[in-house]
Amino acid sequence: MEFLKVNHLKVYYPIRSGFFRRVVGHVKAVDDISFQLNRGETYGLVGESGCGKTTTGRTLIGLIKATAGEILLEGKDLAKLNRRERSYHRKDIQMIFQDPYSSLNPKKRVLDIIAEPIRNFEKLSPQEEKRKVQYLIERVGLHPDSIYKYPHEFSGGQRQRIGIARALTLHPKLIIADEPVSALDVSVQAQVLNFMKDIQTEFQLTYLFISHDLGIIRHMCDRIGIMYRGQFVEEGASQEIFNNPQHIYTKRLISAIPNVDPRKKQEQIKLRQHVEKEYKLSWQRYFNAEGKAYPLKRISDTHSVAIL
Amino acid sequence: MSNQPVLQIENLRVSFRVHDAYYAAVDGVSLNVHKNEVLAVVGESGCGKSALALSIMGLHPPAKTKLEGKILFHGTDLLSLSVHELNKIRGKDIGMIFQDPLTALNPLMTVGRQIEEGMDFHLSLSSLEKRGRTIELLERVGIPNPNQVYHRYPHELSGGMRQRIVIAMAIACHPSLIIADEPTTALDVTIQSQIMDLLRELQQQMNTGIVLITHDLGVVAEMADRVAVMYAGEIVEMADVYTLFDRPLHPYTRSLLQSIPSAQHPKERLHVIQGIVPPLQKLPRTGCRFRSRIGWIDESEHEEQPILREVEPGHFVRCICYKNFHFPHDHIGDMKYGIS
Amino acid sequence: MLKFILRRIMMMIPQLLILSILVFALAKAMPGDALTGQLAQSPKMDANTLMEMREKLGLNDPVHIQYVRWVKNLLHGDLGLSYIHQQPVTDLLSGRLANTLLLSACVLLLTYLIAIPLGLVSGRWQDSWADKLIVGYSYVSFATPLFIFALVMLFVFGFKLGWFPTGGSVDIQVEKGTLDYYINKFYHLLLPALSGALIGTVGIIQYLRSEIIDTKVKDFVKTARAKGIPESKIYSHHILRNSFLPIAAFLGYEITGLIGGSIFLESIYSYPGLGQLFLQSIMQRDYSVVTALVMISGLATLIGTLLSDIILSAVDPRIRIE
Ligand SMILES: Nc1ncnc2c1ncn2[C@@H]1O[C@H](COP(=O)(O)OP(=O)(O)OP(=O)(O)O)[C@@H](O)[C@H]1O
Ligand SMILES: Nc1ncnc2c1ncn2[C@@H]1O[C@H](COP(=O)(O)OP(=O)(O)OP(=O)(O)O)[C@@H](O)[C@H]1O
Ligand code: SF4
Ligand SMILES: [Mg+2]
Ligand SMILES: [Mg+2]
């Protein structure tokens, strides 16, 4: 049984207009996507700004209501559960946000920030609570005494680790990380990425890793889905997608990554020009008249592409 | 040297006033940029890259900033000029590209007008000629339907289009130097590559010198001819791009290169630079500024006052410890007790 | 644009309807009716005549019929009869409306005339002595209530120094329509308008000052400087335009507030305008006048809001009106 299965998920935002705020149309932020996560893996969601990555993540943890489709966590449809069951299952999915500066309440001590989710679900004595928070804060590599400090006393990377500690308090099984390192410097980025890998084995976590940075996705993910305008254009094992991209949009994304080897400069430019030409010439092969991608088609056990 | 550099910065120090004391964000930086050359300045957030760029353009608020040293542009010291004299140079001979194209454009002015505005003061053209030249510029930076876009407001354009407008503005009067402060950071990868290609193309056509400020080593590798690596307000290493990527010497440069995920060895552990960049007020002002972040290096390896030395032709490194520098073998310690 | 304005005006109809119901209900809920006021003036009237008059005026009809009649009359410009003044409310208002509009316009004009240059100087040369002076002034005028300030002005310049007239809107002896008449009218207007303006500037000065201070560190101002544009042009083309946006939007709302402000000014300067009338009518329970005035100020509020939206969409290209 798959750990998480998403079937034909659609999330439309209403566009309202006029004085009566009538709904005049919809932004199809997520438009019929299906994918699954296996236990313990890291699944990457990539695509350009506005393609629906954040919307997908927020729908999975229940911050946004799905317009259609089902989300099965360990075989249970989250939408069909009653309230008690749902809140029980919601614990299993936690989220890490992009901006470590604004996602932590500056007026609260680290202790309160991390303990907050526990307080909603469990009744612990202050001592037990403190011990638990200290255990977590040590696990994310901070000094146990730092639970009495405030967020502004920490660096960006440390703050992001506090955010991760908070996400870990309820022993989640799935963590949705929405651009967890985009706001951080390269060296701090490295710190957080390493750390996420460390705790993955320790806490047996499954990650849904959202990013627009393909370098980081390649580093972190076992499988990836490439999103374009609310749909998947390609999906499969990370290596296959990077080494053998099939969809023109994927090719374009990959060729756009700057190469860290100055000697490959010319090669990279040529590749880009080549892909760009192909992109212009073969548009119809990959997109329908409305500019939408076709449904995914399986081309191997671990690779699907949206072509006719 | 046969051809004089376009830009020659000598011992520049940029200090900001914080609570009645001045703190140097750029501390003794010297560098040259030649015609037809892209000099990349790399470093992490807060190392003084923007402070350097803004000082070349004279964009620091004078009441809160102290500028020392020399910024020679074609031999003229920009720091000695009055605002009036500087205005004859900036926008005409030096163009600037900013990081965020949305905030860099006036929301109440059509983009055509904003491009023309600089010409008003630098070139004596009739309004018809200006218009023609603006349309030409828009075409040149790859904007479809320039005649329509001319009348558009910034909010009606996409991020990539806006950055093209900013570039058109920067090159409007054929500058011999362009300062680009993180020109692609706010953009998507595909747009980033388009903008990089555009900049390179324009640079080759116009033989401009470019100071390209970025924190992205990939952008450096693709764009730069020479690279200056900055740490805490100082240049710690400078070399041509091939040398720098082939034989990085300074511990900071090497650490940076180790900390980005590589395509060749995907899943490998990344190197973590210990500690944090100290805030401006707490920067060590004597001795090595990077010392605290490579704690495993023996004290005797450090130099008291490390200076920038030319270790091979055109390759400058601040430090002697590069000779014996090594990374710690275990990464386990990386995460422990991140607060020092 | 025209379509937008028309639609906005259409939108005003239900709003006015609701307002009229409220006003009508309020007037009905008040103790006594139109006749009670009259009764106070002629206490000898007996109960029978009263009943007759009630019947004649339709005051015994069901409420909704009374309401419909009232609205019908309203639409025909018949605002009823003032029992205190014994003349149609319409006649009573017409002269005063012009006076109030004139006063409001003067207050507004003076306010902007004073506030904009001060705000500009204050924002552009932040922390200079001029700025400190202006900020000081705005604190003082913020802390001073309008009616006290107006009283002091009246006392000092009207009574003590005798530079200005102390009441009325025009002297009786000057002939209507002559140049003298207009000069005299303006002369009467100046002191109340100035009092109103000097207190009213605070908001705009502070707003403009902080807008300019915010705007001048924006990125697009850096861009403009990087283009080599002289400082004066940077202010006129970039900083000021952007800083004026919210002020322009303010204008419409300002108009709304003026009606309220005129109550104090007109009462203190015994200036024959709507505000003064409003206060009098409330005290004398002259309900037909009160309801008419509330309807007028409601209408003014709606128009002010509309004006704000129109101005804002005219100056800010980001606000599109479909
Ligand atoms: N609350 C909302 N109301 C209406 N439309 C929205 C809302 N949130 C997002 N959208 C739209 O839905 C689409 C998808 O947005 P989403 O935030 O999921 O993109 P994303 O892939 O996370 O982009 P980014 O990389 O910029 O974070 C976009 O077109 C966006 O404008
Ligand atoms: N106006 C200012 N007043 C005081 N300190 C400043 C000012 N501008 C910058 N600084 C400080 O100077 C240092 C260098 O800043 P700068 O903006 O040059 O960094 P940067 O390298 O461009 O970083 P980033 O990559 O984040 O843009 C930082 O520590 C910053 O906090
Ligand atoms: S020797 Fe000391 S001075 Fe030189 S780089 Fe190494 S740490 Fe810095
Ligand atoms: Mg997002
Ligand atoms: Mg910067």
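1. In this predicted model, the axes of helix α3 (residues 110-121) of chain A and helix α5 (residues 156-168) of chain A come within 7 Å and cross at roughly 30°. Helices here are DSSP runs of H or I with at least four residues, and axes are lines fitted to C-alpha atoms over the stretch in contact, with angles running from 0 to 180 degrees between N-to-C directions. That crossing makes α3(A) roughly parallel to α5(A), a term that covers angles under 35 degrees.

2. On the α3(A) side the contact (heavy atoms within 4.5 Å) is made by Val110(A), Ile113(A), Ile114(A) and Pro117(A), and on the α5(A) side by Ile162(A), Ala165(A) and Arg166(A).

3. In chain B, an unreviewed UniProt entry carries the annotation "domain: ABC transporter" for residues 7-257; such annotations may be inferred rather than shown by experiment. Over residues 7-257 of chain B the chain is 39% helix and 27% strand (strands being DSSP runs of E with at least two residues), and the end C-alpha atoms are 28 Å apart.

4. The residues surrounding ligand 2 (a heavy atom within 4 Å) include Phe16(B), Lys49(B), Glu182(B) and Leu280(B).

5. On conventions, residues are numbered from 1 along each chain as its sequence is written, while chains are lettered from A and ligands numbered from 1 in the order in which they are written. Local features need pLDDT of at least 70, side-chain atom pairs count only at pLDDT 80 or more, totals for chains, interfaces and linings use all residues, and side-chain values use heavy atoms, with hydrogens and water left out.

Technical notes
Angles under 35 degrees count as roughly parallel, over 145 as roughly antiparallel, 65 to 115 as roughly perpendicular and the rest as oblique.
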